Amino acid sequence: MLKITPYLGILVLIVSIGGLWYPALGYFMLLVFAAIFLISPFRGRWFCGNLCPRGSLVDFWISKISRKEKIPAVFRSFWLRIPVFFLLMGFMGYRVMSVIGTLNMFEKIGMILVTMCIVTTVIAVIFGTFLSPRAWCTFCPMGTAQNLLGGKKYQLQVKQENCISCKKCEKVCPMQLDVCNSEAMSDCIKCGRCVEACPKDALCF
Ligand code: SF4
Ligand code: SF4
Ligand code: SF4
C-alpha cells in the first residue's frame, strides 16, 4: 500500500460533512469514478487497497472498533453484487436525470453525489463495525465494477515451493481471501499485507 493510504479516510469526512454546506465537494466522487475506470483494466482492484478514501476509513479507523467477524459468503456472490450495482447506479442516474435542465443544476447534482457518499459511507461503517472492516467492500458497486473490468490483472503470485502453510497471510487479509489458493483472486485489493506478513517470501505481485 502507499504511504498516504492510511490518511485518505479524511477525504470521506470532508465530502460527507462539508458537502452538506458546499455541494460542489460532491464532484470529488467523479474523480474517484475516473480513477477506478482508468486503473482497474490494468491493476484490478488496486484502487480499493491503495487509494480509496472509504477503504482507508474502514481499514484504519473503523477497524479499531470492529467486531472482526467472518464476512458471509453471500456478500461475495454476484447474485447480490450485480443487483446492488444496478440499484445504486440506477438510483443515482435517475436522480441526476431528474435535475438536468433545472435551476441550480450544478449544485443539485453535487448534492446528489454528496448524498450517495453519505449513504454508502454509513452502510460501510455499520457493516465495518458490526461485522468486519471491509465487509462493505465485498459487495460495493465500485468494487464489483473493478472486479469485472480487471479482476484477473496484476495477480498475487504464490511460490508453492516456499509456502509452509502457516496461514499468516490469511490472518492479515482484510478481504478474508483464501490467499494461498492458486486460483485467480479477482477480489484481491492489492494491499500487500499478505506479502509483508509471509515469513518465507512466498508471495509477490
Ligand atoms: S470496494 Fe468500494 S468502498 Fe471499498 S475500497 Fe473499493 S471502491 Fe472503496
Ligand atoms: S490477498 Fe493479500 S494483497 Fe490481496 S487483499 Fe488479501 S492481504 Fe491484500
Ligand atoms: S504466510 Fe507465506 S508461508 Fe505462510 S501460508 Fe501464507 S504464503 Fe504460505
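Biologist: Is Asn104 buried or exposed?
Modeller: In this predicted model, Asn104 sits in the loop between H5 and helix H6 (105-130). Helices (H or I, at least four residues) and strands (E, at least two) are DSSP runs, numbered from the N terminus. The classes are buried (under 20% relative accessible area), exposed (over 50%) and partly exposed (in between), with a 1.4 Å probe and protein chains only. Asn104 has 51% relative accessibility, so the class is exposed.

Biologist: What pLDDT do local features need here?
Modeller: Residues are numbered from 1 along each chain as its sequence is written, chains are lettered from A and ligands numbered from 1 in the order in which they are written, and side-chain values use heavy atoms, with hydrogens and water left out. Totals for chains, interfaces and linings use all residues, side-chain atom pairs count only at pLDDT 80 or more, and local features need pLDDT of at least 70.

Biologist: What is the phi of Asn104?
Modeller: Asn104 is not a glycine.

Biologist: Where is Tyr154, with its positive phi?
Modeller: Tyr154 is not a glycine either, and has a phi of about 50 degrees. Tyr154 is partly exposed, at 30% relative accessible area. Its place is the loop between helix H7 (141-150) and strand S1 (157-158).

Biologist: How many salt bridges does the structure hold?
Modeller: A pair counts when a side-chain nitrogen of Lys or Arg is within 4 Å of a carboxyl oxygen of Asp or Glu. By that rule, the number of salt bridges is six.

Biologist: How many residues apart are Asp187 and Arg45?
Modeller: Their side chains form a salt bridge, 2.6 Å from N to O. Asp187 lies in the loop between helix H8 (168-172) and helix H9 (193-197), and Arg45 in the loop between helix H2 (28-43) and helix H3 (46-50). Both residues are buried. The pair links distant parts of the chain, with a separation of 142 residues.

Biologist: Where does the partner of Asp59 in a salt bridge lie?
Modeller: Asp59 pairs with Arg193, at 3.2 Å from N to O. Both are buried.

Biologist: Which cysteine has the sulfur nearest to Cys180?
Modeller: Cys180 is buried, at 16% relative accessibility. Cys180 is in no disulfide. The nearest cysteine sulfur is 3.6 Å away, and belongs to Cys169.

Biologist: How many residues around ligand 2 are nonpolar?
Modeller: A residue is near if one of its heavy atoms lies within 4 Å. The shell includes Cys173, Met185, Lys190 and Gly192; Cys188, also in it, is buried at 8% relative accessible area. Ala, Val, Leu, Ile, Met, Phe, Trp, Tyr, Cys and Pro count as nonpolar, Asp, Glu, Lys and Arg as charged, and the others, Gly among them, as polar. One shell residue is polar, one is charged, and the nonpolar count is nine.

Definitions and conventions:
Disulfide = S-S within 2.5 Å.
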